[in-house]
Amino acid sequence: MINVLLVWGEETKKKEAFRKICSWEYVNCLDIWVRFVGENTSDHDIQQLFLAIQIINGMARLFPGPRYFPLRLKSIEWLNYLSRSTGAFIPIVSIVLDIFEYKFAKEGRKAQDPIDISSILKLPKHYLKTKTFQERCFSSAIEQLCAHFSQWSCHISFPDLAAVPLIHLKRTFEITTTENLRRMLKRLIDQVEQNVDFIQRKRDEVSFSPHDHQSVDSFLQLEKPSLNTPFMQYYKSVVKQAF
């Protein structure tokens, strides 16, 4: 039913379909199903995982624009959860970059009635020009991107999977004019680059081939629980600030 409703919305673009999809009834049903898939997916049965990813990405694409940033952030959170619970690499960067690359108003005012963007699906128009909207969306997007990076921060492929996101993050930093947003971006870029250097040094010390999948999968896994890398410290600080 969840998939059927999404396909109906994608094919017809009807307001009724959009209204039913962008609703707490639909979102809560999808949330329950995502949790079920995350807890019950095995290496030999990944069809449901692929379907869940397809639906989440489809819903995110169906609602572009800043008013739907809360829904997109929820989509990113679901993808991070599925990646964390199944161990599968699930790209989220393209959805996050939609938020980073949005042209926020240069001069924003503080919202008189702050909105918890985690408790709504669609923002009111007047909220889009507030400073509160800019900072909350930016910080939430950074938190989700950090969660994504933290899962793979000790993986041997980290320098490769971080390469394209770093290019986009630096480009966004260059065109962002709000100083507070620039500081958040700069700190994220610095921490990712430090982790890239850390993993690259560890990669240079190994002698196995990339085709040796067992050695690739075990790279730094024994040391991981005791590793207190700068990026993990940074991620903990980001999560702490979110509460």
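A residue is called buried here when its relative accessible area is under 20%, exposed when that area is over 50%, and partly exposed in between. By this criterion, 44% of the 243 residues of the protein count as buried. The structure is a predicted model, and everything that follows should be read with that in mind.

## Overall architecture

Among the contacts between residues at least 6 apart in sequence, 67% join residues at least 24 apart.

## Two helix pairs

Helix α1, which covers residues 2-12, packs against helix α3, which covers residues 24-40, at an angle of about 130 degrees and with the two axes 11 Å apart. Because angles over 145 degrees would count as roughly antiparallel and those from 65 to 115 as roughly perpendicular, this angle makes α1 oblique to α3. The crossing of α1 and α3 is left-handed. On the α1 side the contact is made by Ile 2, Leu 5 and Leu 6, and on the α3 side by Tyr 26, Cys 29, Leu 30 and Trp 33. Sorted by class, the residues of this contact are 7 nonpolar, no polar and no charged.

Helix α4 (residues 47-62) packs with α5 at an angle of about 165 degrees, their axes being 9 Å apart. Since an angle over 145 degrees counts as roughly antiparallel, α4 and α5 are roughly antiparallel to each other. The crossing of this pair is left-handed. In α4 the residues in contact are Leu 49, Ala 52, Ile 53, Ile 56, Asn 57, Met 59, Ala 60 and Arg 61, and they meet Leu 71, Arg 72, Ser 75, Trp 78, Leu 79, Leu 82 and Thr 86 of α5. The contact of α4 with α5 comprises 10 nonpolar, 3 polar and 2 charged residues.

## Salt bridges

Side chains of opposite charge can pair when their charged atoms come close. With a limit of 4 Å between a side-chain nitrogen of Lys or Arg and a carboxyl oxygen of Asp or Glu, the count comes to 6 salt bridges.

| Pair | N to O distance |
|---|---|
| Lys 20 and Glu 16 | 3.5 Å |
| Arg 72 and Asp 98 | 2.3 Å |
| Glu 193 and Lys 170 | 2.6 Å |

The pair of Lys 20 and Glu 16 lies within helix α2 (residues 15-21), where the two residues are 4 residues apart, about one turn of the helix. Lys 20 is partly exposed, with a relative accessible area of 35%, and Glu 16 is likewise partly exposed, at 38%.

The salt bridge of Arg 72 with Asp 98 links distant parts of the chain, with Arg 72 in helix α5 (residues 69-86) and Asp 98 in helix α6 (residues 93-100), 26 residues apart. Arg 72, which also takes part in the contact of α5 with α4, counts as buried at 6% relative accessibility, whereas Asp 98, at 37%, counts as partly exposed.

The side chains of Glu 193 and Lys 170 also meet in a salt bridge. Glu 193 lies in helix α10 (residues 179-204) and Lys 170 in helix α9 (residues 163-175), so the pair ties together parts that are 23 residues apart in sequence. Glu 193 counts as partly exposed at 27% relative accessibility, and Lys 170 counts as partly exposed at 38%.

Glu 193 can also be placed relative to Ala 163: these two residues are 30 residues apart in sequence and 9.3 Å apart in space, C-alpha to C-alpha. Ala 163 is found in helix α9 and, at 35% relative accessibility, counts as partly exposed.

## Residues in loops

Lys 13 lies in the loop between α1 and α2, and its phi is near 60 degrees, a positive value in a residue other than glycine.

Ile 120 is found in the loop between α6 and α7, the latter covering residues 131-151. Leaving aside its neighbours within four places in sequence, Ile 120 is in contact with Trp 24, Pro 70 and Ile 115. Ile 120 and Trp 24 are 96 residues apart in sequence, while their C-alpha atoms are 8.7 Å apart in space.

Conventions
Residues numbered from 1 in each chain as written. Predicted model: local features only at pLDDT ≥ 70, side-chain atom pairs only at ≥ 80, totals over all residues. Heavy atoms only, no water. Axes fitted to C-alpha atoms, helices over the stretch in contact; angles between N-to-C directions. Parallel < 35°, antiparallel > 145°, perpendicular 65-115°, else oblique. Left-handed = near helix turned anticlockwise from the far one by under 90°. Contact = heavy atoms within 4.5 Å. Nonpolar A, V, L, I, M, F, W, Y, C, P; charged D, E, K, R; others polar. Buried < 20%, exposed > 50% of the residue type's maximum accessible area, 1.4 Å probe, protein only.
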